[in-house]
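Here's a quick tour of a structure that may be new to you. Have a look at it first, and then we'll go through a few of its local details.

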Amino acid sequence: MEQLETLPEDWTRALAIAAHPDDLEYGAAGAIARWTDAGKDVRYLLVTRGEAGIDGIPPHECGPLREAEQRAGAAEVGVSVVEFLDHRDGVIEYGLPLRRDLAAAIRRHRPEMIITGNHRDTWGGGGWNSPDHRNVGRAVLDAVGDAGNRWIFPDLEPAEPWQGVKYVAVAGSPEPTHAVDISATLDRAVASLEAHRAYLDGLGDHPMAAAREFLEWLADLTAPATATAARRRSSCSRCSAGSGARGHSAAARVSRIS
């Protein structure tokens, strides 16, 4: 992996957009905790309620349960605004209705930073990405432009365009460009993922069910590719916490919006 740059922090408000409850907790929550600790305003937008995500729980029970778990997970990293668009889990379609909903949310929240998930066909290790992730990520990229153009959805509310998005960060990208030192916030990221207890229990013995082990593995993949100074700061922080000598980082592909 090429050396990664430090993710810019010259922004005040971020909107984190994901397909399902738990998506942001698998890799982005540590960075979000760092930003809320610094006084930044981070808000969550979930396209679905994740009602098709647990095999042993029917959707009418699963949706409210996963909504509650998402709100609890968000609170662990300092996020109090959590909204849901109520698209159907598992069958999210890329198209004008999704772009319209996302553009309206971007206008409503007026973020300078957008955080979303991997929209590529595969993950870094080659595993196939889900259609919900792909469709949401690609629609988010397009909705940033839609939100800034008053003529694409002329009857959209709010009507006033928002052209203030400076960056889009794609967490979990197989082609990362930037990283965030999460040494001081990894424990809160783990707590945020562990708030999704019903979902994790439903995974059985899958590696992703072990919240700390999985998140530390993800972070360790990134740490060697961060800048030397950032690694040194991470190492010191991790040593003082008694958690080993290596620093932990979260990676993303970042695009600057001109």
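Helices (H or I, at least four residues) and strands (E, at least two) are DSSP runs, numbered from the N terminus. This is a predicted model, where local features need pLDDT of at least 70, side-chain atom pairs count only at pLDDT 80 or more, and totals for chains, interfaces and linings use all residues. Residues are numbered from 1 along each chain as its sequence is written, and side-chain values use heavy atoms, with hydrogens and water left out.

Let's start in the loops. D86 lies in the loop between β4 (82-84) and α3. Its phi is positive, about 65°, although D86 is not a glycine. D22, in the loop between β2 (13-18) and α1 (29-37), also isn't a glycine and has a positive phi, near 90°. Most residues other than glycine have a negative phi, and most peptide bonds are trans.

Buried or exposed, what is D22? D22 is buried, with a relative accessible area of 5%, while D86 is partly exposed at 47%. (Buried means under 20% relative accessible area, exposed over 50%, partly exposed in between, with a 1.4 Å probe and protein chains only.)

Then there's the peptide bond from E157 to P158: it's cis, with omega near 0°. You'll find P158 in the loop between α4 and β6 (167-171).

## One side of α5

Helix α5 (residues 186-194) has L186, A189, V190, S192 and L193 as its buried residues. They cover an arc of only 160° around the axis, so they sit on the same side of α5. That arc is taken from the directions from the helix axis to the C-beta atoms.
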